[in-house]
Amino acid sequence: MTVAHKPRTGGPAADRRSTLPPESAHGRPRAGRRRTITALTPWLFLAAPLTLLLMFTFLPVADMIGYSFTDWDGISPSRSFVGGENYTDLVTRPARFEVFLVSGFYLVASFLQIAIALYFATVLSFNTRFRNLFKGLLFFPYLINGVAVGFVFLYFFQPDGTLDTLLRLVGAEGEHLWLGNPDLANPSLAGVSVWRFMGLNMVLFLGAIQSIPPHLYEAAELDGANRWQQFRHIIAPGIKPIISLSFILAVSGSLAVFEIPYIMTGGANGTETFVIQTVKLAFQFDKVGLASASAVVLLLLILLVTWVQRRLFPEERVELS
Amino acid sequence: MTTDMSAPARRRVSAGRSVPAATAVVLKYLSLLVAAAVVLVPLIVVLLTSLKTESEVASSGPLSLPGDWFNFANYATAIEQGAMLRAFGNTTLILVISTAGTVLIGSMTAYAIDRFQFRLKKLVMSLFLLATLVPSVTTQVATFQVIDDLGAFNSRWAPILLYTGTDIVSIYIFLQFIRSIPVSLDEAARIDGANSWTIYRKIILPMLRPAIATVVIVKGIAIYNDFYVPFLYMPDPELGTISTALFRFKGPFGAHWETISAGTIVVIVPTLIVFLALQRFIYSGFAAGSTK
């Protein structure tokens, strides 16, 4: 490393001396100082970014691990070391695990979302009338403010509201507590999540499909391949990296769901997610120690998922970075 | 070109079985129309509700049309009582400073990492890489204490610092782009006597313009829509942003869906305008941002 960089730092300095002969009189001391300055320059550019990185990413992670072994309430100056008590508390109380079941709803929903996105990306990659209009319409929900999405669907799911009225039009009678009935609440919220995020998946898939060389389809069509065969043998392999990335993001995303359920139900009726639980523990019940332990668990889970992905699809990371 | 070549070929292939092919086309457009309706109906219902009077909302179904299409009274209530102008001001201020900060931080990091050889470079790069693995939702419990210790809690500095300081994706976008700027430009400027700061400011930053546009769009939309950070760090209603101000509609306007709907539409309209104006950049920007 050091060996490699020395000739390069020497390079510009040597250039300068040859292009500016008058300076060569005091060349020796100046060159020495210049070398220190050159070695410092990247650090001057990195000073602010690194400070922020350490302060807002690495310091919190370290602090969080530290807090997780204490009984700190977040306010009092004193805190005592409790060892692994917070972790045993997390593991032994089954109620704390219900949040993972909730994540399951979002996970299933995001697989559905990927399938829908794949379908529409394929459809829109072929010749379709009003293609850009449909693409824009299906993508737009992703751009909408999360609180606005929450309110739109709070209204949509009102008892005797939009959804019930629409269902009545097709013959299904009755009022449903879409968000109040614990059996319906999680599927409803997960449905909102599909509504909101499907468009992003679709646009990503569509971009990948469009980067497949068009002559492949032409050749396939000349060989008499139908749409399904084109999808199966040209499109699917061509966009495999982005599909596998979407699956990984789906897993870590469904562990970290917060906004939609917090805005719409506040975590009531069995819709509490891991992040809602953590936020409540830390900021409502002042159990910073316990909340930290639970956040450490979440972090480890997400790191595990990412590690599995790197293991399963090592080549894709190289391509994307 | 592509269509010209493939159209006759497709016709030849499908000629033998035109009935199933026609069915497929019908199904394709039907599925697109259904999806468009699924997207639009919830939004249109809210738009309709925002134009209704209180008694109309109470007496008629959600799908009924408003009596007066130009009844903007709910909008006035929402904007005034919901303090939405102040919220727009706060969001704009935070958005402008944080986006500028992100561009500076990201481009400086990319410049230092791509254009210099220095000791510990590998370590610095792996620190940034490692940071991409830590989702910020997981660390808020402890980040909160850091912000609090800095005295930034309940001030606009909290979101500004967090938006500027935790955006690793932007750094990667810049890093990827800066590699395509020829090093010979830097070297030519250096021979002319420019120092590193001048090179960064006069050559690198202007050449990074497309990457800056991407970062500004993606970041701008993310900040406009963010709820978590302002909700957690700025409980003071005076400091409400678009998201938190709208969220506060939940209490006082309780069952006043006409006012909540108006507030919701007020929040969505700027997004729609930006989307229509910058569509192409938005698609490519999010494609670049999400695959990192």
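## Helix packing exercises

In chain A, helix 4 makes a right-handed crossing as it passes helix 8. The model is predicted: local features need pLDDT of at least 70, side-chain atom pairs count only at pLDDT 80 or more, and totals for chains, interfaces and linings use all residues. Residues are numbered from 1 along each chain as its sequence is written, and chains are lettered from A and ligands numbered from 1 in the order in which they are written.

**Exercise 1. Describe how helix 4 of chain A packs against helix 8 of chain A.**

Step 1. The axes of helix 4 and helix 8 (residues 182-210) of chain A come within 6 Å and cross at roughly 35°. Axes are lines fitted to C-alpha atoms, for helices over the stretch in contact, with angles running from 0 to 180 degrees between N-to-C directions. The helices themselves are DSSP runs of H or I with at least four residues, strands are E runs of at least two, and both are numbered from the N terminus.

Step 2. Sort the residues. The contact of helix 4 with helix 8 of chain A has 21 nonpolar, eight polar and no charged residues. Nonpolar covers Ala, Val, Leu, Ile, Met, Phe, Trp, Tyr, Cys and Pro; charged covers Asp, Glu, Lys and Arg; the others, Gly among them, go down as polar.

**Exercise 2. Work out how helix 4 of chain A is oriented relative to helix 11 of chain A.**

Step 1. Get the geometry: the axes of helix 4 (residues 98-125) and helix 11 (residues 240-255) of chain A come within 8 Å and cross at roughly 150°.

Step 2. Classify the angle. Helix 4 and helix 11 of chain A are therefore roughly antiparallel. That label needs an angle over 145 degrees; under 35 is roughly parallel, 65 to 115 roughly perpendicular, and the rest oblique. The crossing of helix 4 with helix 11 of chain A is right-handed.

Step 3. Find who meets whom. On the helix 4 side you'll spot, among others, A:Tyr106, A:Phe111 and A:Ile114, and on the helix 11 side residues including A:Phe247, A:Val251 and A:Leu255. The whole contact splits into eight nonpolar, five polar and no charged residues.

**Exercise 3. Repeat the analysis for helix 9 and helix 12 of chain B.**

Step 1. The axes of helix 9 and helix 12 (residues 209-225) of chain B come within 9 Å and cross at roughly 165°. So helix 9 of chain B runs roughly antiparallel to helix 12 of chain B.

Step 2. B:Ser170, B:Ile173, B:Phe174 and B:Phe177 in helix 9 meet B:Pro210, B:Ala211, B:Thr214, B:Val215 and B:Lys219 in helix 12. By class, that's six nonpolar, two polar and one charged.

**Exercise 4. Is A:Thr271 buried or exposed?**

Step 1. Locate A:Thr271: it lies in the loop between helix 12 (259-264) and helix 13 (274-283) of chain A.

Step 2. Count. A:Thr271 has 24 other C-beta atoms within 10 Å and is buried. The cut-offs, with C-beta atoms placed from the backbone, are 20 or more others within 10 Å for buried, 12 or fewer for exposed, and partly exposed in between.

Step 3. Look for partners. A:Val102 is 169 residues away in sequence, yet 6.5 Å away in space, C-alpha to C-alpha. Beyond four places in sequence, A:Thr271 is in contact (C-beta atoms, placed from the backbone, within 7 Å) with residues including A:Val102, A:Asn186 and A:Pro261.

Step 4. B:Gln176 has 16 other C-beta atoms within 10 Å and is partly exposed.

**Exercise 5. Explain why helix 6 of chain A is largely enclosed by the rest of the structure.**

Step 1. Check each residue of helix 6 (residues 146-156): 11 of the 11 are buried, so the helix is largely enclosed. Among them are A:Phe151, A:Tyr155 and A:Phe156.

Step 2. Compare helix 8 (residues 157-165) of chain B, where eight of the nine residues are buried.

Note on methods:
Left-handed = near helix turned anticlockwise from the far one by under 90°. Contact = placed C-beta atoms within 7 Å.
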